[in-house]
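This briefing sets out the fold of one protein chain. Please view the sequence and the structure together before reading the points that follow.

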Amino acid sequence: MSADDSPDQTPFSLLAVLAARYPEWTIWFGDATGHWWALPPHDREPGEFIEAPTVKELVESIEALKARPRVPYQRGAPSPGAARSRFPAASRPGGPFR
């Protein structure tokens, strides 16, 4: 898969390629933001949410995250990434958008 965003490729065709390459991830293109987003599989920490302005950067971020060792996530336990949460402000409780 080419990770470049060429003008002749629509987000829908790129999304199909990404979904085939990373079937365990939830990936989408934000029309309002113009950015690519990825939510890791359920066995990853929820704070490992990814936002990238290009497909290439999204793929690089997913690959870097996949290369890190998995730390089992336990509900109710403090998240190791809680202090450095990367959730967009709109998805945080009490964030500016509701």
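**Briefing on the fold**

In the hairpin formed by β1 and β2, four residues lie between the strands, and G34 adopts a positive phi near 75°. The model is predicted. Its secondary structure consists of two helices and three strands, arranged along the sequence in the pattern α-β-β-β-α.

**Overall composition**

- The protein has 98 residues, of which 27% count as buried.
- Considering contacts between residues at least 6 apart in sequence, 42% join residues at least 24 apart.

**The sheet**

- The three strands form an open sheet, ordered β1-β2-β3, with antiparallel pairing.
- Because β1 and β3 stand at the edges with a single partner strand each, one side of each is left without a neighbour in the sheet.
- From one strand to the next, the twist averages 20°.
- Five bridges connect β1 and β2, which pair in the antiparallel sense.
- Within this pairing, G30 has H35 in β2 as its bridge partner, and W28 has W37 in β2 as its bridge partner.
- As a general point, side chains in a regular strand alternate between the two faces of the sheet.

**Aromatic residues**

- A pair of aromatic rings is described by the distance of the centres and the angle of the planes.
- The count of aromatic pairs comes to four.
- One of them joins W28 and W37, whose rings are stacked, with 6.4 Å centre to centre and 10° between the planes.
- Those two residues are also bridge partners, W37 being the partner in β2.
- Ring pairs link W28 and W37 with F49 into a cluster.
- How does the accessibility of W28 classify that residue, as buried, partly exposed or exposed? W28 has 31% relative accessibility and therefore counts as partly exposed.
- For W37 the relative accessibility is 8%, so W37 counts as buried, the cut-off for burial being under 20%.

**Helix α2**

- Helix α2 comprises 13 residues, 55-67, and its first and last C-alpha atoms are 18 Å apart, close to the 18 Å expected at 1.5 Å a residue.
- The residues V55, L58, V59, I62 and L65 of α2 are buried.
- Why do the buried residues of α2 line one face of the helix? Viewed down the axis of α2, they fall within an arc of 130°, and they therefore line one face.
- These buried residues pack against α1 (11-21), β1 (26-30), β2 (35-39) and β3 (50-52).
- The helix α2 lies across β1, β2 and β3, and runs at about 150° to β3.

**Residue V59**

- V59 is located in helix α2.
- With a relative accessible area of 7%, V59 is buried, because burial requires a value under 20%.
- V59 and W36 are 23 residues apart along the chain, and their C-alpha atoms are separated by 9.8 Å.

**Summary of the packing**

- The open sheet β1-β2-β3 is antiparallel, and α2 lies across its strands β1, β2 and β3.
- The buried residues of α2, including V59, contact the strands β1, β2 and β3 as well as helix α1.
- On the aromatic side, the cluster of W28, W37 and F49 contains the stacked pair of W28 and W37.

Terms used:
Residues are numbered from 1 along each chain as its sequence is written. This is a predicted model: local features need pLDDT of at least 70, side-chain atom pairs count only at pLDDT 80 or more; totals for chains, interfaces and linings use all residues. Side-chain values use heavy atoms; hydrogens and water are left out. The expected span of a helix is 1.5 Å times one less than its number of residues. Buried means under 20% relative accessible area, exposed over 50%, partly exposed in between (1.4 Å probe, protein chains only). The arc is that of the directions from the helix axis to the C-beta atoms. Contact means heavy atoms within 4.5 Å. Two strands pair if DSSP finds at least two bridges between them. Axes are lines fitted to C-alpha atoms, for helices over the stretch in contact, and angles run from 0 to 180 degrees between N-to-C directions. Rings of Phe, Tyr and Trp (its six-membered ring) pair if their centres lie within 6.5 Å; planes under 30 degrees apart count as stacked, over 60 as edge-to-face and the rest as tilted.
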